[in-house]
Amino acid sequence: MQSMSGAELVIRLLERQGVECIAGIPGGANLPLYDALSKSPAIRHVLARHEQGAGFIAQGMARSTGRPAVFFATSGPGATNTLTALADAKLDSVPVICITGQVSRPLIGTDAFQEVDIYGMSIPVTKHNFLVRSVEDLPRVITEAFRIAASGRPGPVLVDIPKDVQTATIVLSTLPEPAGPDPVEPPDAESLTRAARMIDEAERPILLLGGGVAASGASGAAFRLAERAGLPTTMSLLGLGAMPENHPLHLGMLGMHGARCVNMLMEECDLLLVAGARLDDRATGQVERFCPKAKLIHMDIDQSELDKLKQAHLGIMADAGTALTALAGLVALSERREWLARVAECKAAHPLLLSGSDDPRAPYGLVRRTGEILGPEAIVTTDVGQHQMRAAQAYPGLRPRRWLTSGGLGTMGFGLPAAIGAALAHPDRPVVCFTGDGSLLMNIQELATAAETGVNVKIVLANNNGLGLVQQQQDLFYGRRIFGSGYRLRVDFPRVAEGFGVHAVDLGSSRDPLADLERALLREGPCLVNVPVAAEENVYPMVPPGAANIEMIGGEAHAHAHA
Amino acid sequence: MRMLTPEDGTRPARALTALRLTVNNHPGVMSHICGLFARRAFNVEGILCTPLGGGAISRIWLLVQEDERLEQMIRQVRKLQDVLEVLPYAADEGAFTSLDACVEGWERGRTLLA
Ligand SMILES: Cc1ncc(C[n+]2csc(CCOP(=O)(O)OP(=O)(O)O)c2C)c(N)n1
């Protein structure tokens, strides 16, 4: 028999779940949890500077390890500040657990100081949520939170704990066993056989890998299948890294900023096999015109993704790894000479153009050079904008769990805190965050967290003094009327970084930019590299929003040759 | 939330489906379910909810119009953690109409509490 407070119980349960680090911010309504956390020998606390930052730090840990990560916030404004990070985790299927303090039970519903209905507000942005109504519920709720976050299609869970539940005493003889993900049911054997037959009969098949493949550690299984059946393989933004780019079957990213050849080949394919991708409109373009000649086989662990946007000829509810491995054993060995020759021809005629690849001061060169300097072990995070798309297109050697980007919600402000989280979870690896000046400003306060923790995070800032990707849309689709998207004030980011205690380098004033970049990236601890880039430079190709993928503009090989 | 008949001329008559949900009974379950329908702009024509057994679980009947999104809605409802089972039944408005009579009894025979 042991007697403890609700708060102590929560911390014990988190320790038993293997939680090693919690990011958060304290306040009146979660101080009992903080007091209990102060006595934990196993869990380190990282004090974020904004609850959204804490949420993205947790995401950086969860995305890079594949295990649920936890963050703390107090009631009211603390709790509402977590919503963007939760919504982001929901859309990208990231297992995070947000534990918020709530006002005491008798005060709930009275508009008490710092009371908000975070339970009600977080319903649409979480996989599931709890308002804990008694201390006796805590063992079940906390273990359930971990089970739900990690099971099937992972996702965020919020647990709101009133202050008096945290301080109430509970006597327990045993603690519940830590929870893991539910076992996954094996895929339906008959569907797999049918899928294998459809692949064998196809003449121009393409394999599309999404974030689900990275999440289930299925990239090996995916390219074994691709190799056996001769399947050219494309990836969504979140699926990048699932197949190494030097693999002969590698096609690269599809969709809005995908390579021309990929979107062209999708137009020709007669069978599309989708694994762990949910056919977001940034990937498909106008969905009615996506892969117009193809039959669709769609595999996803979440049944509600099948037939959601496009009716599949065959839907298979399964874990990507299990299904892809099983399929590899069922398909016929195929060389698919004709199709692969066409693919090679198309790739050669319409390659992705990465101008200025060698120049560390050119937008693409900055990405490539950084990747070459940091080497294959690095974890890459991005913010949202042109710099993100350039990193997706040009970073050499992306790998699953080492490519962390906000795909579904597209949240500016994601990159820096996610990088801190990844670095906390992987102190042995370099972590680089590609960002833009607009995005960095959205969570710039986390520079202080980076300095304080000394994490090995390199912030590579492509600074165009404006909202580049917005300007690109205004340039292309709003008669070049650039409005409300350029900054009149030029922020001195190196000075700001230094003010936060983060070392900074400015490649704009450097006499040997490559050497300075290398020195900055290879030194220990956090560092910001500011690189002025031209605001006029757009990212190509681009599919206009709402158009079919085949209607992409820009990025033609011949146009460039003339320019 | 009353069904509109075709005579109203405001909405085409469609076949009705009754979804029978078995759910954990706690405050908040209704928000999860109704919020899901509201977010996806799928109207619920009628709702009936009663406790089952000891009250740890409840039975909810949702009367909805059949349209091409219904299958997707059922899959989404099944994903809710507090929803233990979802069974679709062909339905008509009759059941809810007879309920009206029952509720009328409350209104007539009893006093209105202040
Ligand atoms: C929180 C948030 N607000 C607004 C947007 C809309 N948006 C998308 S890209 C973008 C511009 C990003 O600018 P910056 O971070 O400087 O990157 P750049 O495109 O210049 O590389 C904006 C405002 C967003 N994605 N997220």
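Here, buried means under 20% relative accessible area. With that cut-off in hand, here are some close-ups of what is a predicted model.

**Figure 1. L279(A), a residue with positive phi in a loop of chain A.** Look between β12 (271-275) and α13 (281-284) of chain A, and the loop there holds L279(A). Phi of this residue is near 60°, a positive value in a residue other than glycine. L279(A) has a relative accessible area of 6%, so it counts as buried, being under the 20% cut-off.

**Figure 2. Helix α21 of chain A and what sits around it.** N465(A) isn't a glycine, yet its phi is positive, at about 50°. With a relative accessible area of 11%, N465(A) is buried too. In the helix itself (residues 468-477), the buried residues are G468(A), Q471(A), Q472(A), Q474(A) and D475(A). They sit on the same side of α21(A), because they cover an arc of only 165° around the axis. Their packing partner is α17 (386-394) of chain A. Just after the helix, G479(A) takes a positive phi of about 55°.

**Figure 3. The largest cavity, with α16 and α17 of chain A in its lining.** The model has two cavities of 30 Å³ or more, and the largest has a volume of about 50 Å³. Around it are P363(A), L366(A), V367(A), H387(A), R390(A), F434(A) and A462(A). Helix α16 (363-374) of chain A gives the largest share of this lining, three residues; α17 of chain A supplies at least two. By class, that makes five nonpolar residues, one polar and one charged.

**Figure 4. The second largest cavity and its lining.** About 40 Å³ of space lies in here. The lining is made up of N263(A), M266(A), E267(A), T284(A), R289(A), F290(A), C291(A) and N549(A). Helix α12 (residues 260-268) of chain A brings the largest share, three residues. Sorted by class, the lining splits into three nonpolar, three polar and two charged residues.

**Figure 5. Helix α2 of chain A under its cover.** In this helix (residues 31-38), the buried residues are P32(A), L33(A), Y34(A), A36(A) and L37(A).

**Figure 6. A cis peptide bond between Y540(A) and P541(A).** Omega for this bond is about -5°. P541(A) belongs to the loop that runs between β20 (527-532) and α24 (557-562) of chain A.

**Figure 7. Chain B and its contact with chain A.** Chain B has three helices and four strands, in the order β-α-β-β-α-β-α along the sequence. Of its 114 residues, 35% are buried. Among contacts in chain B with a separation of 6 or more, 74% are between residues 24 or more positions apart. Where the chains meet, chain B brings 12 residues and chain A brings 16. The area buried between them is about 1200 Å², with carbon and sulfur atoms giving 48% of it. H32(B), R75(B) and Q81(B) are the ones to look for: together they supply 50% of the area that chain B buries against chain A, more than any other three residues.

Definitions and conventions:
Residues are numbered from 1 along each chain as its sequence is written. Chains are lettered from A and ligands numbered from 1 in the order in which they are written. This is a predicted model: local features need pLDDT of at least 70, side-chain atom pairs count only at pLDDT 80 or more; totals for chains, interfaces and linings use all residues. Side-chain values use heavy atoms; hydrogens and water are left out. Buried means under 20% relative accessible area, exposed over 50%, partly exposed in between (1.4 Å probe, protein chains only). The arc is that of the directions from the helix axis to the C-beta atoms. Contact means heavy atoms within 4.5 Å. On a 1 Å grid over the protein atoms alone, a cavity is a set of points where a 1.4 Å probe fits but cannot get out, and a pocket is an open set with protein on both sides within 12 Å along at least five of seven lines; lining residues have an atom within 4 Å of a point. Grid points are joined across faces, edges and corners, and a volume is the space filled by probe spheres set on the points. Ala, Val, Leu, Ile, Met, Phe, Trp, Tyr, Cys and Pro count as nonpolar, Asp, Glu, Lys and Arg as charged, and the others, Gly among them, as polar. Buried area is the accessible area (1.4 Å probe) that two parts lose on being put together, summed over both.
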